[in-house]
Amino acid sequence: MTRDDRRKPNTGRQEPPRYPRRSPALDAIERGGGVSWGGGERRRQAARRNPLRSARYAADESISGVDFNVVSARKLPPLRPTSKTPAIQAAAVAPELSEEEASRLSELEMRLPRVAGKIDSWLLIIVLLLSCIGVVMVYSASSFLAARYEGDAAYYFQRELIWLALGLVALLVTMRIDYRVWRRYSLIGMIVVLPLLIIVLKFGTSVYGASRWIALGSFFSFQPSELTKLVLALYIADWLARKGKQVGTFLYGLAPFVILVGFILGLVLLENDLGTAIIIAGLATVMFFTAGANIVQFLLAMVCGSSIFVLEAFRGYRYFRLLGFLDPFKSVTGFNLQLYQGLLALGSGGWFGLGLGASREKTGYLPFPFSDSIFPIIGEELGFVMCAIIVILYLFLAFRGFRLARRSRDLYGALLATGITTWLVLQAMINIGANTGSIPYTGVPLPFISFGGSSLVVSLAGVGVLLNISRYIQEPATPTLSRQTIGLRKKRVGAGYITNQ
């Protein structure tokens, strides 16, 4: 008995034998032999007993030498039970969660901090180009009337610069704030907006039969219906994301949606603002359809909503606008004056226009030459080419916006990007379509181009939200059609652990 053995108390337990702290693999290498792991037959028997271990072995053998910095996790196909991969394997990899667990997980993911990436630079460039075109054209289209009635040719131009600066500040702020934060304040926004829509009916300033503005002094006026577009998009995205599968039901999906949107549309229609009501209905409808609405109920609601708009279109001055749409050259000095003069401006511009500042229609012939009717002035001064460029920019904006919605990491971000993009593009389509005689005339500003403080600031704030969504989208590690990725995919397919793509 050694000295160490005498020091240890006798507990009656037998200690396990001590093994040398030496790797058998290193001993085998030093002896010059290879490392044996049991032979091929033993591995085949183990594979038949445990298919999970079989899949692991196949993966270990096939991915040797693969650079994982190149492979994107999004390109790996989902593991589904097949004849070669039993159902227990898929269940072990992706266990199903209950609805309560899924909602808790989604709420937890919304609260966790995330690392922001780069913004969509193309979307920012498009908006800045449209805003620059708008500033230049507002000065050109308003100079004559501003000099005549205000005594300063740059009066409206200076105000537009102020609104543009405020809009860029709003864009920078919303671009830096995580879009998930707006979920907490969307209900508060609706509580603020709804009373404003009621207040404007009683105390609002009425211009040309429409009561849309709340005047705060002689310089500042605010249009609550413009803010309603952004706030409603934020609220509906949160509401639909929380509903989940209940969106497809009538009691919990369609009925409350119709009540909410119908109430807001009723307030906007009381302001005699049919154009804004169409935009709000359009963005809400597209978001509801994207969230997974029941197609039969959705079509029924569309028919009912369209019938209401048709009835509104045959009331008051809107009936004469329908007559003007059917015959643009009838009553050219009466109810059809704006459309007729706008068509003259577009036709006289030709391919390249008369030159910047050389418009004749802006000298009193065309009503609202720097707000609702600024597109015909662009056609007259800069021609068909510039009008086509502007249309292409809006189409590109639609592409980038819906691309963000498709690549968003969560349902809320996808719905929010869909709503904001639909609002901006639909408003541009209505303005351009009305000024070209493609649809019945209705007065809405051209986004980022027409003169108007509320529209410009709110639109730029909405673009800021889109840019923030673009900082958290899912991007592949390498282009899908790159040679490196295609070659690596062929190796993986040949290794036998990718069956379907």
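Predicted model: local features only at pLDDT ≥ 70, side-chain atom pairs only at ≥ 80, totals over all residues.
The chain has 501 residues, of which 41% count as buried. Its secondary structure comprises 19 helices and three strands. Contacts between residues at least 6 apart in sequence were also examined. Of these, 72% join residues at least 24 apart.

Two packed helices are described by the angle between their axes and the distance between the axes. Helix 7 spans residues 121–149, and helix 18 spans residues 453–470. The two pack at an angle of about 165°. Their axes lie 10 Å apart. An angle over 145 degrees counts as roughly antiparallel, and helix 7 and helix 18 are therefore roughly antiparallel to each other. Their crossing is left-handed. On the side of helix 7, the contact is formed by Leu-123, Leu-124, Val-127 and Ser-131. Helix 18 contributes Leu-460, Val-463, Leu-466 and Leu-467. Seven of the residues in this contact are nonpolar and one is polar. None is charged.

The largest nonpolar core holds 94 residues. The members that touch the most other members are Leu-130, Leu-240, Tyr-394, Leu-397, Leu-416, Ile-420 and Phe-448. The contacts of Tyr-394 were listed without residues up to four places away in sequence. Tyr-394 touches Leu-130 and Phe-448, among others.

Most residues other than glycine have a negative phi. Phe-448 has a positive phi, near 70°. Phe-448 is placed in the loop between helix 17 (411–435) and helix 18. With a relative accessibility of 2%, Phe-448 counts as buried. Asn-272 likewise has a positive phi, in this case near 60°. Asn-272 sits in the loop between helix 11 (250–270) and helix 12 (274–290). Asn-272 is partly exposed, at a relative accessible area of 28%.

Arg-400 belongs to helix 16, which covers residues 374–407. Its relative accessibility is 10%, so Arg-400 counts as buried. Leaving aside residues up to four places away in sequence, Arg-400 touches Asp-120, Trp-122, Leu-123 and Ile-126. One of these, Leu-123, is also part of the contact between helix 7 and helix 18. Gln-341 lies in helix 15, residues 337–349. At 10% relative accessibility, Gln-341 is buried. Gln-341 touches Glu-361, Tyr-365 and Leu-366, again leaving aside residues up to four places away in sequence.

Leu-354 is found in the loop between helix 15 and helix 16. Leu-354 counts as partly exposed, with 36% relative accessibility. Leu-354 and Glu-381 are 27 residues apart in sequence. In space, their C-alpha atoms are 4.8 Å apart. Glu-381 is also among the residues that Leu-354 touches, when residues up to four places away in sequence are not counted.

Notes: Residues numbered from 1 in each chain as written. Heavy atoms only, no water. Axes fitted to C-alpha atoms, helices over the stretch in contact; angles between N-to-C directions. Helix = DSSP H or I, 4+ residues; strand = E, 2+ residues; numbered from the N terminus. Parallel < 35°, antiparallel > 145°, perpendicular 65-115°, else oblique. Left-handed = near helix turned anticlockwise from the far one by under 90°. Contact = heavy atoms within 4.5 Å. Nonpolar A, V, L, I, M, F, W, Y, C, P; charged D, E, K, R; others polar. Core = buried A, V, L, I, M, F, W, Y, C linked by side-chain atoms within 4.5 Å. Buried < 20%, exposed > 50% of the residue type's maximum accessible area, 1.4 Å probe, protein only.
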